[in-house]
2 protein chains.
Amino acid sequence: MAQVKNQQVLLKHYVSGFPKESDLNIVDSTINLKLPEGSNDTVLPITGYGVSKVLESGHKDYKEGDIVWGITNWEEYSLIPAAQIHFKIEHTDVPLSYYTGILGMPGMTAYSGFFEVGSPKKGENVFVSAASGAVGQLVGQFAKLHGCYVVGSAGSKEKVDLLKNKFGYDEAINYKEEQDLDAALKRHFPEGIDVYFENVGGKTLDAVLLNMKLHGRIPVCGMISQYNLTQPEGVTNLAHIIYKRIRLQGFVVVDYYHLYAKFLDFVLPHIREGKVVYVEDIAEGLEKGPAALVGIFSGKNVGKQVLVVARE
Amino acid sequence: MAQVKNQQVLLKHYVSGFPKESDLNIVDSTINLKLPEGSNDTVLPITGYGVSKVLESGHKDYKEGDIVWGITNWEEYSLIPAAQIHFKIEHTDVPLSYYTGILGMPGMTAYSGFFEVGSPKKGENVFVSAASGAVGQLVGQFAKLHGCYVVGSAGSKEKVDLLKNKFGYDEAINYKEEQDLDAALKRHFPEGIDVYFENVGGKTLDAVLLNMKLHGRIPVCGMISQYNLTQPEGVTNLAHIIYKRIRLQGFVVVDYYHLYAKFLDFVLPHIREGKVVYVEDIAEGLEKGPAALVGIFSGKNVGKQVLVVARE
């Protein structure tokens, strides 16, 4: 029983530009389910945040049968260094997939970025890009719970409908149908934007800078429109950072995991009462991984993209 | 005696792009030195921070003979609304011109931007652009007093010499002689930059973003390279704000004038003991105003550009 088949998603080579499905391989390898004595060496598949069940552990904090979330390889069985495990899962009355999303890295990202970096006040005007995504859909709901006016942007009619009908955004912008994003923002924010939760960068940031209010804040979570460009678009309206005394602040969720217990206390009751919802786009089976990954960069997924490797 | 000649510097028209001397007029007008009963209406010359002596005042805080600094017109005599006067000058053992510089708006800008926005710690690495200018020369000296390693950039050999020999910068970069600013920064900051005091924007900011340290801070004071461009240069490396969790924060000195007394307590002893110096580039006579203004945008001035309208 020690050696078992272990399907993996591997990168064929270093990828520059947007990934294509042909950059990835599905490989049937094998893995020894007994803990090795020494080395952690292993072929490195793609990694991502995942939920795993412990089969065997040499670490005092984890034992067989525990469910954990953290950084895992894209494969059926993994040898995971303890440092990659973020938290043991204590609450299992909610879907386990939530620990890759609303109760995992994206949830903590939305929470820390909006509340800790964005410093929102009740009644303020909030704009969110990639607003139906893994993080954005939560920023919008948190902002509404906080008493803010919230507008989101997304790239399809289906997503825009979700923003207004499912996540409670006050208004929604389909950026692919707006000739002039600056004008669209002026329409929805005649008095300007206090907090812009930045997920996309590039032209969107440029238009937002023209519409920020005095002392506005921009938590910078991501710039997905720019990541895989050989030459990023130039942002030209940065002088507005001075005119409006804007704080533009990059953050990474790992700096905020000490707040995880506080976050669960905040969000779990809202989930159980149905006051916060979470939309997932679930692909079944490791072999769907490459297409799911590639789809994220073209906005194909609706909500948090989840890849199911196995169900219990 | 009520009507006197009043030389003024006037704009001929709205200026787009960099100002030229031909955009400005020197005009001999007259002014009534008795306070009018009602209206404040007046032709509007260029305004700037100036030091003035009160001839007559209807405001309880000011009386004949007081010396004040604040926003004044470029003219010999001015009717100044009280709101434009920032502070009455109490310490006259230092040159009065200092209240247009080290003890005025530029000094408060350097102090609030570096200490309040930049949150510097002893031993950190600081980079300053426009480092010999009205603000930059002080940021460098404040950073040295604070125990930081400080490198400045400027655009001539004369300025670079000042940085090292007069203001105590550890190293200085003549950006006009560097083919590759990124490489120059890597040379002077092999471990990266903690605080970048931003005065210029554009390509300099782009190179700095590549060299910031984790949790670096960028107080954004100015972007003088961009102000008068019809189309600003695009900044392409903003994604580093995320990777390095950078805080980029615009500020305007008027938000910090409540700290003015604290600032004077800090800086006056240093001036009297010669531990902080201030270099001024003095033009004599209102008629030199247009050339002095135009020169700022091409970096002609060395140190704080001061225009002397009259000496006591």
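Buried area is the accessible area, taken with a 1.4 Å probe, that two parts lose on being put together, summed over both. The size of an interface is often given as this lost area. Between chain A and chain B the buried area is about 2200 Å², and carbon and sulfur atoms give 66% of that value.

The model is predicted: local features need pLDDT of at least 70, side-chain atom pairs count only at pLDDT 80 or more, and totals for chains, interfaces and linings use all residues. Residues are numbered from 1 along each chain as its sequence is written, chains are lettered from A and ligands numbered from 1 in the order in which they are written, and side-chain values use heavy atoms, with hydrogens and water left out.

**Interface of chains A and B**

In terms of contact (heavy atoms within 4.5 Å), 28 residues of chain A meet 28 residues of chain B. The interface holds eight residue pairs in polar contact, both residues being at pLDDT 80 or more. A polar contact is a pair of N or O atoms within 3.5 Å; within protein, one must be able to donate a hydrogen and the other to accept it, and residues adjacent in sequence count only if both atoms are side-chain atoms. On the side of chain A that touches chain B, strand E10 (212-220), helix H6 (240-243) and strand E11 (247-250) each supply at least two residues. E11(A) gives the largest share of that side, four residues. By class, the side of chain A that touches chain B has 17 nonpolar, seven polar and four charged residues. Here Ala, Val, Leu, Ile, Met, Phe, Trp, Tyr, Cys and Pro count as nonpolar, Asp, Glu, Lys and Arg as charged, and the others, Gly among them, as polar.

Helices (H or I, at least four residues) and strands (E, at least two) are DSSP runs, numbered from the N terminus. Two strands pair if DSSP finds at least two bridges between them. E11(A) pairs with strand E11 (residues 247-250) of chain B in the antiparallel sense over three bridges. Within this pairing, A:Arg247 has B:Gln249 as its bridge partner.

**Salt bridges**

A salt bridge is a side-chain nitrogen of Lys or Arg within 4 Å of a carboxyl oxygen of Asp or Glu. The whole structure has 40 salt bridges over all chains, and two are found across the interface of chain A and chain B. The table gives examples.

| B:Asp255 | A:Arg245 | 2.9 Å |

A:Glu284 lies in strand E12 (residues 280-284) and A:Arg311 in the segment after strand E13 (304-308) of chain A, 27 residues apart. Buried means under 20% relative accessible area, exposed over 50%, and partly exposed in between (1.4 Å probe, protein chains only). A:Asp66 is buried at 8%, whereas A:Lys88 is partly exposed at 32%. A:Glu284 is partly exposed at 39%, and A:Arg311 is exposed at 58%.

**Helix H1**

A:Thr109 lies in helix H1 (residues 105-117) of chain A and is buried, because its relative accessibility is 6%. Leaving aside residues up to four places away in sequence, A:Thr109 touches A:Phe114, A:Val135, A:Phe197, A:Cys221, A:Phe251 and A:Val253. In chain B, ten of the 13 residues of helix H1 (residues 105-117) are buried, so the helix is largely enclosed by the rest of the structure. Among the buried residues of H1(B) are B:Met108, B:Thr109 and B:Phe114. B:Ser119 follows H1(B) and has a positive phi, near 45°.
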